[in-house]
Amino acid sequence: MEATLYRPNAGIIIFNKKGKLLWCKRRTGDGWQFPQGGIDEGESTEEALFRELHEETGLIKSKVSILAVSSKWLVYHIPHVFQRSNKKYDGAMQKWYLLQLTGTNNDINLNAVNHAEFDAWKWANKETAINNVIRFKKSVYESILAEFSDVLETVSYTHLTLPTKA
């Protein structure tokens, strides 16, 4: 039996001051997802995080802050129907990072590099992410959003605007 190979990968969830999550549309097809990308040989997960962050969103390290890192690696398998003909990996094993955007929407630039992976982005809630990600990534999204839920709920709650008494 052939061994299953999973590519080490950094997953990135970015949220804004309103607690909304950055949701990106893949250039090929109509799939939406969080930014993510492979960890190159000799590269730390954090180095990959910031490289992929810039390549996929145009954001740089000074425009975000890391609030949480997944406690374990999460794995998804790519079904054969979605695998490339020149595949090297059967899926990905991901270390996830939760980042707060400290910059502005203007700092997001999907064309920051010449090989853009996304062609659109929007702010979404976690239900949108779980319900609309491609099926084979759904359990990873459910798991990581559950793990990060305390931080996300705290951020969302602290940014609510409460009515003032007249």
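Setting aside neighbours within four places in sequence, Leu67 is in contact with Phe15, Leu98, Gln100, Val151 and Val155. Leu67 sits in strand β5, which covers residues 64-69. How exposed is Leu67? Its relative accessible area is 39%, so Leu67 is partly exposed. Leu67 and Ile14 are 53 residues apart along the chain, and their C-alpha atoms are separated by 9.9 Å.

**The whole chain**

Please keep in mind that this is a predicted model. The protein chain holds four helices and eight strands. Read from the N terminus, its elements follow the order β-β-β-β-α-β-β-β-β-α-α-α. How much of the protein chain is buried? Of its 166 residues, 42% count as buried. The accessible surface comes to about 9,600 Å², and 51% of that belongs to carbon and sulfur atoms. Among contacts between residues at least 6 apart in sequence, 73% join residues at least 24 apart.

**Helix α1 and its cover**

Helix α1 runs through residues 45-57. Does its length match or differ from what its 13 residues should give? At 1.5 Å a residue, helix α1 should span 18 Å, and its end C-alpha atoms are 17 Å apart, so the two agree.

The buried residues in α1 are Ala48, Leu49, Phe50, Glu52, Leu53, Glu55, Glu56 and Thr57. Here is a handy rule: an α-helix has 3.6 residues a turn, so residues three or four places apart point the same way. What covers the buried residues of α1? The cover includes the strands β1 (6-15), β2 (21-26), β4 (36-38), β5, β7 (91-101) and β8 (118-124). Just after α1 comes Gly58, which takes a positive phi of about 80°.

**Two buried residues in strands**

Now look at Asn9, which is found in strand β1. Asn9 counts as buried because its relative accessibility is 6%. The side chain of Asn9 makes a polar contact with the side chain of Gln94, at 3.2 Å. Leaving aside neighbours within four places in sequence, Asn9 is in contact with several residues, including Gln36, Gly37, Trp73, Ala92 and Gln94.

That list leads us to Ala92, whose place is in strand β7. Is Ala92 buried or exposed? At 3% relative accessibility, Ala92 counts as buried. Not counting residues up to four places away in sequence, Ala92 touches Tyr6, Arg7, Asn9, Leu74, Val75 and Tyr76. Ala92 and His77 are 15 residues apart in sequence, with 6.7 Å between their C-alpha atoms.

**Salt bridges**

How many salt bridges does the count come to? The count comes to nine salt bridges. Three of them are set out here.

| Salt bridge | Closest N to O distance |
|---|---|
| Arg26 and Glu117 | 3.8 Å |
| Glu52 and Arg51 | 2.8 Å |

Take Arg26 and Glu117, which form a salt bridge. Arg26 lies in strand β2 and Glu117 in the loop between β7 and β8, so this pair ties together parts that are 91 residues apart in sequence. Both ends are partly exposed: Arg26 has a relative accessibility of 23%, and Glu117 has one of 28%.

Lys63 counts as partly exposed at 28% relative accessibility, and Asp107 counts as partly exposed at 22%. Salt bridges that share partners also join Arg7, Asp40, Glu43, Arg51, Glu52 and Glu55 into one network.

Glu52 is buried, with a relative accessible area of 5%, whereas Arg51 counts as partly exposed at 21%. The cut-off explains these labels, because buried means under 20% relative accessible area.

**A nonpolar patch on the surface**

Finally, let's visit the outside. Which residues form a nonpolar patch on the surface? The patch is formed by Val81, Phe82 and Ile134, which together have about 290 Å² of accessible area. Val81 has its place in the loop between β6 (74-77) and β7. Val81 counts as exposed because its relative accessibility is 71%.

Note on methods. Residues numbered from 1 in each chain as written. Predicted model: local features only at pLDDT ≥ 70, side-chain atom pairs only at ≥ 80, totals over all residues. Heavy atoms only, no water. Buried < 20%, exposed > 50% of the residue type's maximum accessible area, 1.4 Å probe, protein only. Contact = heavy atoms within 4.5 Å. Expected span 1.5 Å × (residues − 1). Patch = residues over 30% accessible without salt bridge, like charges linked within 9 Å, V, L, I, M, F, W, Y side chains within 5 Å. Areas by Shrake-Rupley, 256 points an atom, 1.4 Å probe, with all protein chains shown as cover. Salt bridge = Lys/Arg side-chain N within 4 Å of Asp/Glu carboxyl O. Polar contact = N/O pair within 3.5 Å; in protein donor to acceptor, adjacent residues only side chain to side chain.
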